[in-house]
Amino acid sequence: MIATDVMARLTPLIRARTEHLPAGAGSPAPETRLEQDLRMDSMAIVQVLEDIEESFGITIPDERLAGVYTVGDLADIVRDAAPTGRRAA
């Protein structure tokens, strides 16, 4: 799975958990910070991680959760856990 595919699939999952943001907030970029930029609290981050597991058919190991600060971190987790075992470029 390539990076643009991952971001395209992550965007609606993230948007569903950030409905409180103005409609013109734009698409999240890899450098978008979950807490500061998207104003996600820990519960919303956990919910989006669950959505990611369900949507991508992956299991995210607990040890990976500590380093999740940006949308790019989420994309890295998806690419690393891709069922094909390949990391996308």
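A: Thr32 is in contact with Asp37, Leu38, Tyr69, Thr70 and Val71, leaving aside neighbours within four places in sequence. Thr32 itself lies in the loop between α1 and α2. One thing to keep in mind as we go: this is a predicted model.

Q: Is Thr32 buried or exposed?

A: The idea is to look at relative accessible area, where under 20% means buried. Thr32 comes in at 14%, so it is buried.

Q: One of the contacts of Thr32 was Val71. Where is Val71, and what does Val71 touch?

A: Val71 sits in helix α4, and its relative accessibility is 0%, so it counts as buried. Setting aside neighbours within four places in sequence, its contacts are Met7, Leu10, Ile14, Pro28, Ala29, Pro30, Thr32, Leu34 and Leu38. Take Pro30: it is 41 residues from Val71 along the chain, yet their C-alpha atoms are separated by 4.8 Å.

Q: Why is helix α4 described as largely enclosed?

A: Count its buried residues. Eight of the 10 residues of α4 (residues 71-80) are buried, so the rest of the structure largely encloses it. The buried ones are Val71, Gly72, Asp73, Leu74, Ala75, Ile77, Val78 and Arg79. Their cover includes α1 (3-16), α2 (42-56) and α3 (62-65).

Q: What can I look for at the start of α4?

A: Check for a side chain reaching a backbone atom. Here, a side-chain oxygen of Thr70 comes to within 3.3 Å of the backbone nitrogen of Gly72.

Q: How do I read phi angles?

A: Most residues other than glycine have a negative phi. Now look at Arg39, which is not a glycine but has a positive phi of about 55 degrees. Arg39 is found in the loop between α1 and α2. With a relative accessible area of 52%, Arg39 is exposed.

Q: And Ser55: where is it, and which residues does it touch?

A: Ser55 is in helix α2. Not counting residues up to four places away in sequence, Ser55 touches Arg9 and Leu13. Ser55 and Leu13 are 42 residues apart along the chain, with 8.7 Å between their C-alpha atoms. At 33% relative accessibility, Ser55 counts as partly exposed.

Q: What does Arg9 lie over?

A: Arg9 lies over the face of Phe56, at 4.1 Å from the ring centre.

Q: Now zoom out for me. How many helices and strands does the chain have?

A: Four helices and zero strands, so to read the elements from the N terminus on, you go α-α-α-α. Of the 89 residues, 38% count as buried. The accessible surface comes to about 5300 Å², and 52% of that belongs to carbon and sulfur atoms. Among contacts between residues at least 6 apart in sequence, 56% join residues at least 24 apart.

Q: What is the mean pLDDT of the chain?

A: Think of pLDDT as the predictor's confidence in each residue. The mean for this chain is 84, and 84% of its residues reach 70 or more. Over residues 85-89, though, the pLDDT is below 50; that stretch has 11 contacts in the model beyond near neighbours in sequence.

Key
Residues numbered from 1 in each chain as written. Predicted model: local features only at pLDDT ≥ 70, side-chain atom pairs only at ≥ 80, totals over all residues. Heavy atoms only, no water. Buried < 20%, exposed > 50% of the residue type's maximum accessible area, 1.4 Å probe, protein only. Helix = DSSP H or I, 4+ residues; strand = E, 2+ residues; numbered from the N terminus. Contact = heavy atoms within 4.5 Å. Polar contact = N/O pair within 3.5 Å; in protein donor to acceptor, adjacent residues only side chain to side chain. Lys NZ or Arg CZ within 6 Å of the ring centre and 35° of its normal. pLDDT = per-residue confidence, 0-100. Areas by Shrake-Rupley, 256 points an atom, 1.4 Å probe, with all protein chains shown as cover.
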